[in-house]
Amino acid sequence: GLDMFRLFIKRIILKKNPFEGDRKHIHHILVKKLNLLNSNIILMSLNMLPIVLYNFFPDYFISILIFLVIIYFYIVITLDK
């Protein structure tokens, strides 16, 4: 959902149709820069890490989510050039 929201806002800012597809999603960016296996490992980590960390640190769940959102944007900004 975060990736979809990011692209929706970016397309509106660039005055493009927000409902048209492109290759700017995080999975397209990762596969272009890395191989498919590494891309899947990164994506699975971003999806599973909040669940695993919540079991160990339930009091810090919001902090964990914020940290993972920062990691997501770091990946997108550094690789999407």
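## Aromatic pairs

Rings of Phe, Tyr and Trp (its six-membered ring) count as a pair if their centres lie within 6.5 Å; planes under 30 degrees apart are stacked, over 60 edge-to-face, and the rest tilted.

Helices here are DSSP runs (H or I, at least four residues), numbered from the N terminus. How exposed are the two rings' residues? Phe-8 is partly exposed at 30% relative accessibility, while Phe-19 is exposed at 70%. (Buried is under 20% relative accessible area, exposed over 50%, partly exposed in between, using a 1.4 Å probe and protein chains only.)

Tyr-72 and Phe-73 also form a pair: centres 5.0 Å apart, planes at 70°, so edge-to-face. Tyr-72 is buried at 6%, and Phe-73 is partly exposed at 31%.

## About the model

This is a predicted model, where local features need pLDDT of at least 70 and side-chain atom pairs count only at pLDDT 80 or more, while totals for chains, interfaces and linings use all residues. Residues are numbered from 1 along each chain as its sequence is written, and side-chain values use heavy atoms, leaving out hydrogens and water.

## How α2 meets α3

Helix α3 covers residues 36-56, and α2 packs against α3 at an angle of about 140° with the axes 8 Å apart. The axes are lines fitted to C-alpha atoms over the stretch in contact, and angles run from 0 to 180 degrees between N-to-C directions. The crossing is right-handed, that is, the near helix is turned clockwise from the far one by less than a right angle.

On the α2 side, Ile-26, His-27, Leu-30 and Val-31 make the contact; α3 brings Leu-36, Ser-39, Ile-42, Leu-43 and Leu-46. Contact here means heavy atoms within 4.5 Å. These residues split into seven nonpolar, two polar and no charged.

## Asp-3

Which residues does Asp-3 touch, leaving aside those up to four places away in sequence? They are His-25, Ile-26 and Tyr-72. Asp-3 lies in helix α1 and is buried, with a relative accessible area of 12%.

The side chain of Asp-3 also makes a polar contact with the side chain of Arg-6, at 2.9 Å. Such a contact is a pair of N or O atoms within 3.5 Å; within protein, one must be able to donate a hydrogen and the other to accept it, and residues adjacent in sequence count only if both atoms are side-chain atoms.

Notes:
Helix = DSSP H or I, 4+ residues; strand = E, 2+ residues; numbered from the N terminus. Nonpolar A, V, L, I, M, F, W, Y, C, P; charged D, E, K, R; others polar.
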